[in-house]
Every structure is written in structure tokens, then in C-alpha cells.
Amino acid sequence: MSLAETVSARDARRLLLHGVGLSADPARHATPAAVRRTVQGMGFVQVDSINVVERAHHHILRTRLDGYQPAMLAKLLERDRTLFEHWTHDAAAIPTQWLAHWQHRFAAAKQRMDPDRSNWAKRLGDRPLDVIAHVRERLEREGPLRSADFEHPRDARGNWWSWKPQKTALEYLWHTGEVAISGRLNFQKLYDLIGRVLPEAAARPAPPREEHLAWACHTALERLGCATARELRDFLQAIELPEARAWCAKAEARGEIVPVAVETENGSGRRAAWALHDWRRRLARAREAPARARLLSPFDPVLRDRARAVRLFDFDYRFEAFVPAAKRRYGYYVLPVLEGDRLVARVDAKLRRDTERLEIRGLWWQAKVRQTARRRRALEHAAERFAEQIGAQRVRLPSIRQSKVA
């Protein structure tokens with residue numbers, strides 16, 4: 001570590017917030033092109049179905065663009081086709097210009113999900129290849145189709161989230177790159193042959209593995225600022241950990257990256273990582289995050305790595321929707337509050353659609369954060385802004401007299 005450059009926790013936060021799109025001015029003009037640039041800058045935006053206050057992809061983009069509207073993302077995915085929906089660490093909207101790199105993922109999925117030998121055979125029923133062939137033929141003839149367009153007697157025993165064999169076949173064809181998501185109907189996926197949905201992009205061959213590896217690591221490091229080999233692997237989950245480690249060693253020898261010692265906000269000591277060789281120049285060009293408060297999605301990339309959020313923000317966040325109610329510390333759907341470059345509080349939120357009211361059912365400030373009147377007003381403004389964005393007419397905030405986070 002004596003030879004490594006030191007990166008303060010504040011500078012590491014600044015690089016990260018810049019890389020994931022939270023340092024840009026959220027009041028800038030919102031257009032489909034601005035949304036595309038935002039997703040490109042972030043690398044991808046996670047897509048999730050939970051709709052307690054707003055679906056994750058819309059919430060994440062609203063945090064970065066005040067004037068964002070869901071129709072903008074739909075246009076990019078379903079009309080312009082400049083984004084496509086597939087998998088990173090989870091379902092995500094991804095720049096279509098990167099589709100060729102997903103050919104490596106498709107090939108790996110075909111081996112992992114072999115319908116003759118993997119657990120997918122059980123999910124596909126007694127004749128897995130016939131089910132896949134039938135689904136493929138219907139898509140060729142009729143597509144795009146939903147899972148609901150395939151009839152199948154319900155298995156009373158249930159299997160894998162009660163997926164019927166045809167749904168499993170659709171997902172198999174999607175993961176292995178034969179079909180793409182052409183759109184959604186009431187958030188249900190519409191599947192079609194990838195050659196019809198993304199004809200030009202799907203025709204491009206996979207880049208050589210070394211080129212793919214360098215792309216995956218650079219893409220991650222440009223957005224994370226500082227990262228270990230494991231964090232580079234985890235960003236897109238497009239490569240294996242030994243590959244990421246080998247790339248780091250070779251990239252350091254070439255002078256592309258440098259070892260750094262990242263200081264921590266929680267006092268846990270410096271941590272060895274990597275940064276691009278020009279990280280100081282990138283830091284100087286990165287804007288300070290806007291000072292105003294913002295309610296983040298639980299799926300925001302800042303929170304995806306819980307350990308990193310603890311180290312850099314001294315903020316321990318756990319998504320508790322799947323935790324039994326009696327064991328939850330804060331609530332079912334808790335939104336972290338970002339103020340400038342700090343995570344200062346969290347709120348338990350719910351959109352009451354029957355009364356069109358955004359309800360803040362709980363508020364907890366971080367232990368080291370002063371509960372000033374100015375900060376309270378900033379939080380109220382953030383809640384009001386978010387309520388307006390999601391179509392809520394009213395906001396109910398709890399009393400400021402709340403226990404600090406332990």
C-alpha cells in the first residue's frame with residue numbers, strides 16, 4: 001500500500017456519484033435523448049417490478065432528471081431501440097450499441113441452462129426440447145407474445161415461482177439470445193425473435209474475449225471510480241473473477257490503471273483498489289453533487305453494494321421487503337435520502353393510490369447528522385418534488401421527533 005496513491009473517502013464518493021449520474025444537474029432539460037445519455041453514462045438502469053411508490057427504473061431516472069417521464073424510456077426501448085432489456089446483475093435497460101458483448105453471455109447461458117441436463121429440464125416438463133421448439137415456432141409465426149398467450153394447465157404443486165413450461169421456454173430463449181423483449185403490456189414482457197427486434201445489433205459477432213474483457217473492466221471502472229477486481233466483475237457480471245484479476249495485473253503493467261488506497265468514511269481503514277491512470281484529472285472534471293436532498297430508489301446503483309455504501313457513506317442499508325415484518329428495523333420499502341454527497345437519512349414511504357397521497361410513515365436521520373430546520377425543509381421539498389413526479393397530490397410527513405439511526 002505504500003506505493004499506492006491515496007484517495008479520500010470524499011473523493012471516492014465524488015468519483016462514484018459522477019460515474020452513476022448523480023452529480024449532473026437534475027433540473028436540466030429532460031428529453032428521450034437526455035434519458036439515453038443518462039443510461040449510457042450509468043452503464044445500465046435496473047428494471048424491477050415492485051411498485052410501492054414507483055418502479056425502480058423510473059425512480060432511478062427521476063432522481064437524475066426532474067422532468068423524466070416513463071414514455072421517454074419506453075420510446076428508447078420499444079421504438080428507437082437504442083436501449084434493450086436484458087441481464088446484468090439483474091434485469092436492466094442497456095445501451096443497444098453494447099449488444100455484441102452480450103453474445104458472450106448468451107453462449108454461457110446456453111451451456112449453463114442446457115435443457116437436456118440442467119435444472120431447466122425439470123421446469124420445462126417431460127419433453128423440454130419440444131416445448132422450446134413449440135414456443136419458438138409460435139414466435140416465428142405470431143410474435144410478439146406474452147407468457148399469458150400460452151395456455152397450460154396450472155400445476156397445483158407449483159414450480160419455480162409457478163412458471164409454466166412455456167414461460168420457462170420464453171425465458172430460456174431470452175437468456176440465450178434467440179429472443180428479445182420487444183415491449184411490455186401492463187409490465188408483462190412481450191417476447192419476439194431478436195432478429196426482428198434488433199436486426200442490425202443482433203447480427204454483429206461477439207468481440208474477441210480479450211476485447212470483451214477490457215471493455216467490461218473499463219466500463220465498470222469508469223463508473224465506479226475506484227474498485228477491486230471483484231467489484232469490476234460484479235458491475236456487469238459479464239466476466240469471471242480470475243479474468244478480472246488477470247486484466248488488472250496486465251492493465252497496471254501497461255499503465256492503464258494504478259493501485260490506490262481508498263480511505264473510508266466509517267473509519268474502517270484504507271482499502272486497496274484500482275483506479276484509471278488519469279483518475280485525478282477525472283476527479284477535477286467531475287462536478288460536485290447538487291446540494292439539494294433527493295429520495296433514492298432502494299435499487300439505486302449507489303446502494304447496490306451494501307459494503308461500499310458503509311465504507312464510503314457510513315450508511316448501512318438493507319432492503320427489507322423480503323424480511324419478515326416482525327424482524328424489519330425500518331420498513332418494507334425504505335428510501336435513502338441523498339443530500340449533496342452524503343446519505344443523511346432514510347424514510348419509509350408508500351404511495352396511497354386510492355387517495356393519491358405519498359405517505360412518509362417513518363423518518364430516521366443518520367447518527368452524525370444534525371436535525372436542523374433547514375435540513376427538514378430540504379427533505380420536505382424532496383418529498384414534495386418526488387410526489388409531484390409520480391402523480392401524488394399530497395404528502396404526509398411524520399414529526400421531526402424521530403430516533404436517530406444507531
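Modeller: This is a predicted model. In the protein chain, the mean positions of the 73 positive and 51 negative charges lie 5 Å apart.

Biologist: What makes a residue count as positive or negative here?

Modeller: Lys and Arg are taken as positive, Asp and Glu as negative, and His is left out. On that basis the protein chain has 73 positive and 51 negative charges.

Biologist: How many helices and strands does the protein chain contain, and why is the chain called as compact as a globular protein of its length?

Modeller: The protein chain has 17 helices and 14 strands. Its radius of gyration is 22 Å, and the globule rule gives 22 Å for 406 residues, so the chain is as compact as a globular protein of that length. Along the principal axes, the C-alpha atoms fill a box of roughly 65 × 60 × 40 Å.

Biologist: What share of the residues is called buried?

Modeller: A residue is buried when its relative accessible area is under 20%. Of the 406 residues in the protein chain, 53% are buried.

Biologist: Which residues touch the most other members of the largest nonpolar core?

Modeller: They are Trp102 and Val260, in a core of 63 residues. Helix H11 (residues 209-224) supplies the largest share of this core, 7 residues.

Biologist: With which residues is Trp102 in contact, leaving aside neighbours within four places in sequence?

Modeller: Contact requires heavy atoms within 4.5 Å. The partners of Trp102 are Phe84, His86, Trp87, Thr88, Ile94, Trp215 and Leu236. A second, separate core of 46 residues includes Val39, Val47, Ala91 and Leu351.

Technical notes. Residues are numbered from 1 along each chain as its sequence is written. This is a predicted model: local features need pLDDT of at least 70, side-chain atom pairs count only at pLDDT 80 or more; totals for chains, interfaces and linings use all residues. Side-chain values use heavy atoms; hydrogens and water are left out. Helices (H or I, at least four residues) and strands (E, at least two) are DSSP runs, numbered from the N terminus. The radius of gyration is taken over C-alpha atoms; the globule rule is 2.2 Å times the number of residues to the power 0.38. Buried means under 20% relative accessible area, exposed over 50%, partly exposed in between (1.4 Å probe, protein chains only). The place of a charge is taken as NZ of Lys, CZ of Arg, CG of Asp or CD of Glu. A nonpolar core is a set of buried Ala, Val, Leu, Ile, Met, Phe, Trp, Tyr and Cys residues joined through side-chain atoms within 4.5 Å.
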